[in-house]
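Here is a protein model to read piece by piece. Keep the sequence and the 3D view side by side as you go.

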Amino acid sequence: MTVPSITLNDSSTIPQLGFGVFLVPPEATAETVTKALEVGYRHIDTAQMYRNETGVGEAIAASGIPRDELWVTTKLDNALHRPDDARRSFAESLERLRLERVDLFLIHWPLPTLYDGDFVSTWHTLAEFVQDGRARSVGVSNFLPDHLDRIVEVTGVVPAVNQIEVHPYFTNEAGREAARRHGAAVEAWSPIARGDVLDDPVIMKIAEARGRTPSQVTLRWHLERGDIVFPKSLHEERMRENFELFDFTLTPDEVAEISALDQGPSGRRGPDPATFARI
Ligand code: NDP
């Protein structure tokens, strides 16, 4: 299976399909990521707050896969937005990941938790990591359209991506439209709504008609819409299932039918970025 790439606004190319490790227990991460790399994933999405960067680094180091064939994303802890904290913790992430450079470093959530400044100063700090070569690209996550407008207006620098919640029950068109307007790519988190869309009658019907699984149909829906996804699974057979997306397509009508499942904000599975400020 050849995974297509998306070209970001800084000319980097990111695999459109990756593997997410949110809620992968730290002690199981090296083994889980090793399996994902064996299945064929070459893009791993972690975060300082997942507490499992060490396991990701271990799996990558043991894999023998050339560094330039891998894409590794990590994200800044909410409590570490203060520029000096961001600098220190970024260096610690590189150490845990055993990498000299990450491919993508994101501000994980817009609201700083323990800092009286705001995300604009944090965004300036992330730009330093691109300048010194330790991050190929930088971006944001969970930024609402207002946040994105502000960062671009004040700094003139458009994030390479905005990683936001998107799935059939929360299609997040406002977030996707804002990213598109600014030229940032959309990364869709919780792409199968943590499993909740898999028994939806519409998705099951399309899956049956296509001889595919509900998860494959849902992930294919994201790909057809041009978003980047990284489903998580602890199970090798599901990792394989979620990787086998490139030998079928959905019709525009099928894509529209799935998009119509949107429940607006009540379809969210995660917190509202306007108020979420977890330490
Ligand atoms: P997903 O939508 O990827 O769903 C994961 C859940 O679905 C797990 O419970 C998994 O179970 C199950 N599952 C996976 N594949 C299948 C399948 N084929 N059939 C049946 N069940 C399946 O949720 P996530 O929240 O993990 O989102 C994916 C990634 O997005 C995260 O890992 C993280 O990298 C990123 N993310 C980013 C956030 C942010 O704030 N920026 C927030 C949340 C996620 P099991 O593991 O038991 O197989």
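A nonpolar core is a set of buried Ala, Val, Leu, Ile, Met, Phe, Trp, Tyr and Cys residues joined through side-chain atoms within 4.5 Å. Buried means under 20% relative accessible area, exposed means over 50%, and partly exposed lies in between (1.4 Å probe, protein chains only). This is a predicted model, in which local features need pLDDT of at least 70 and side-chain atom pairs count only at pLDDT 80 or more, while totals for chains, interfaces and linings use all residues. Residues are numbered from 1 along each chain as its sequence is written, and side-chain values use heavy atoms, with hydrogens and water left out.

Start with the core. In soluble globular proteins, nonpolar side chains tend to be buried together. Here the largest nonpolar core has 67 residues. Val21, Tyr41, Val102, Phe105, Leu250 and Ile258 have the most contacts inside it. Helix α4 (residues 119–131) gives the most to this core, with 5 residues. Helices and strands are DSSP runs, numbered from the N terminus (helices: H or I, at least four residues; strands: E, at least two). Another core, of 11 residues, lies apart from the largest one. Trp71, Leu104, Leu106 and Ile228 are among its members.

Now pick out Ile258. What does it touch? Leaving out residues up to four places away in sequence, Ile258 is in contact with Pro168, Ile203, Ile206, Val217, Trp221 and Leu250. Contact means heavy atoms within 4.5 Å.

Just after α8, Gly226 takes a positive phi of about 90 degrees.

Helix α9 (residues 236–243) comes next. Met239, Asn242 and Phe243 are buried in it. Seen down the axis of α9, its buried residues fall within an arc of 100 degrees, so they line one face of the helix. That arc is taken from the directions from the helix axis to the C-beta atoms. An α-helix has 3.6 residues a turn, so residues three or four places apart point the same way. The buried residues of α9 pack against β3 (19–20), α1 (26–39) and α8.

Between β10 and α9 runs a loop, and Pro231 sits there. Is Pro231 buried or exposed? At 3% relative accessibility, it is buried. Leaving aside neighbours within four places in sequence, Pro231 is in contact with Leu17, Gly18, Phe19, Gly20, Pro191, Leu219 and Asn242. Pro231 and Ile44 are 187 residues apart in sequence, but 10.0 Å apart in space, C-alpha to C-alpha.

Turn to the ligand. There are 29 residues around it, and Asp45, Ser190, Lys232, Ser233 and Arg238 come nearest. A residue counts as near if one of its heavy atoms lies within 4 Å. Which atoms reach the ligand's oxygen atoms? An N or O atom in the side chain of Ser233 is 2.6 Å from one. A backbone N or O atom of Leu234 lies 2.9 Å from an oxygen atom of the ligand. A polar side-chain atom of His108 lies 3.3 Å from an oxygen atom there. The protein covers 89% of the 910 Å² of accessible area that the ligand has on its own. Accessible areas come from the Shrake-Rupley method with a 1.4 Å probe; for residues, only the protein chains shown count as cover.

His81 lies in the loop between β5 (71–76) and α3. His81 is buried, with a relative accessible area of 0%. Its side chain reaches the backbone oxygen of Trp109 at 3.3 Å. Glu53 is found in helix α2 (residues 53–63). Glu53 is buried too, at 2%. Its contacts include Thr46, Thr74, Ser93 and Arg96.

Finish with two loops. Ser11 lies between β1 (5–7) and β2 (13–15). Its phi is near 80 degrees, a positive value in a residue other than glycine. Ser11 counts as exposed, at 60% relative accessibility. Arg98 lies in the loop between α3 (83–97) and β6 (102–107). Phi of Arg98 is near 55 degrees, again positive in a residue other than glycine. Arg98 is exposed, with a relative accessible area of 55%.

Definitions and conventions:
A polar contact is a pair of N or O atoms within 3.5 Å; within protein, one must be able to donate a hydrogen and the other to accept it, and residues adjacent in sequence count only if both atoms are side-chain atoms.
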